[in-house]
Amino acid sequence: MALDETIPRLAKLAEATRTLRDNDAEDASLQPHHAVKDSVMKVARAEVRRGSLLPVYQADQGGIRISEQAITTLIWFGADALPGVRARRCRVHPAPGTADGPRPAGTADISVSLRIAVASGTNIPRTAELLRQRIISMITAHVGLNAKAVNITVEDFYDV
Amino acid sequence: MSDHPLEARLISHRLIADLAARTALDTRGVLRLEPTLKGLLTHLRTGTIQNLRRTDTRTTSARHDGVFVTVHNGIADVQLDIATDIAFAALEVAHAVREQIARTISHTGLIPGRIDISVLAIEHAPTAPDPLSATPSAWNRHDL
Amino acid sequence: MNEREPVVLKRPDDLDEATLVARAQDGNLDAFEYLVKAYQGRLFRLAFRMLQDRGDAEDVVQDTLVACWRKLPLLIDVHAFSGWLYQMATNRCLDSLRRRSSHAEVVQEPATLQTTADSSTEPGAGGDPAREAEVSFEMDGLATALLTLPPEQRACWLLREIHERSYAEIATTLKVSEQTVRGRLARARAQLAEKMSPWH
């Protein structure tokens, strides 16, 4: 194929490509049926990961346990209220030595590791300390556990 | 009143499971019962897991979504998995549920045994300010 | 409770994608559902242009998103999420084509493709009916020509030209070097340009 034929053809292709890209993106018929999302979410709900269950109250008449994920959610909610903080992955562990045995609520220790992103320009030490206090008080108030160690790692910045 | 063995036998584990579920859902701060994976599988593959459990155990048991009840010698044990509202302290909600279920069981003439509550999720309530309307919707939602 | 903390709900729309990915990794269903909504269309368009079959494309999307949920905790870099998702979808498309390859590749008639083009609007055509017809004609020509490319070339071209993925990412997806990606892309463009010309 001669060069003088190829160039206009490629230009034409580039134009058709742009059109296809824009049209497909806006074409309402080029979306999967809603049943696809429904079944994906059904599987996700059925297989939802709650993590392990941490005992928060034990007695002869039964006990109360809270899932790691429930505590994680609590921590996200707490962090969301602080400006300039986006709470990301979170790990909750029982602190060593407090595993078993009956005990009143409010005495079990847990440790929390939380990764966060902060808005650029955030005062990191101050924000991290506020967040730590907030997490400790929320965990005490909501689930009666004592967050003995709260490790916060700033992994990212986000633009505001 | 709870001393009549005949009366106790009239109360099935299924009824206790139903009562426990209703009692939990009527407690402030409870969003819904949480179906576990095991519960869902029981639902999906009708019978197989349930049948296994029935042949395995001599006591009668029933699992609704999120509630498991065992009745033996007039004593009812309950295990309940719930999701609670972030606006309430999960621990207090769980205590309230335990107390209420124990009371409800003793009204049936059975003796409340171990009542174990697991808070599997803490969430924002769906925007329904009327607490009365929250109960039936919570029922529907886990009734896959 | 004694100490009632104010509780603020941040909706998924108010969060950045990396944060949503991290929360979905930790099992948050709202975050995951938001990601599903954000990506299902894109993945479907890739699969549809790869496979030219709605049902097969929907299978790929569903399969990819279920695998995404299951494997999400293993994803190390939250910023790599979209590339990772495209990789899973592309590989499923190629698998689907391989399963089909015992049969002859079905190339749809332009008439069948027309139904897709008819239902869409034509941005950039400027309301000129003659120009609109020409644009629609070109698109059909391109969509049809695309189906004559070998699957890996088609994937290369779609990922780069329609979905604007980086060369490095496409190379990782197809397990080839970036140079190979560039080579395949050049061949794909040349072939498409040539195949399209009979319509002009």
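Predicted model: local features only at pLDDT ≥ 70, side-chain atom pairs only at ≥ 80, totals over all residues.
Start by selecting chain C and switching to cartoon view. You'll find nine helices and zero strands. Of its 200 residues, 52% count as buried. As for contacts in chain C with a separation of 6 or more, 63% of them come from residues 24 or more positions apart.

Now for the rings. Over all chains, the structure holds four aromatic pairs. Pick C:Phe32 and C:Trp69, which make a tilted pair, 4.8 Å centre to centre with 55° between the planes. C:Phe32 sits in helix H2 (residues 29-51) and C:Trp69 in helix H3 (residues 54-71), so this pair ties together parts 37 residues apart in sequence. Is C:Phe32 buried or exposed? It's buried, with a relative accessible area of 1%. C:Trp69 is buried as well, with a relative accessible area of 1%.

Move along to C:Phe44 and C:Phe48, a stacked pair at 5.9 Å centre to centre and 15° between the planes. Both lie in helix H2 of chain C, four residues apart, or about one turn of the helix.

Next, select C:Tyr39, C:Phe81 and C:Trp84 together: they form one aromatic cluster.

Last, look for charges over rings. Go back to C:Trp69 and bring in chain A: the charged end of A:Arg49 sits over the ring of C:Trp69, 4.2 Å from its centre. Then hop to C:Tyr167, where C:Arg160 lies over the face, at 4.6 Å from the ring centre.

Technical notes
Residues numbered from 1 in each chain as written. Chains lettered and ligands numbered in written order. Heavy atoms only, no water. Helix = DSSP H or I, 4+ residues; strand = E, 2+ residues; numbered from the N terminus. Buried < 20%, exposed > 50% of the residue type's maximum accessible area, 1.4 Å probe, protein only. Contact = heavy atoms within 4.5 Å. Phe/Tyr/Trp six-rings, centres within 6.5 Å; stacked < 30°, edge-to-face > 60°. Lys NZ or Arg CZ within 6 Å of the ring centre and 35° of its normal.
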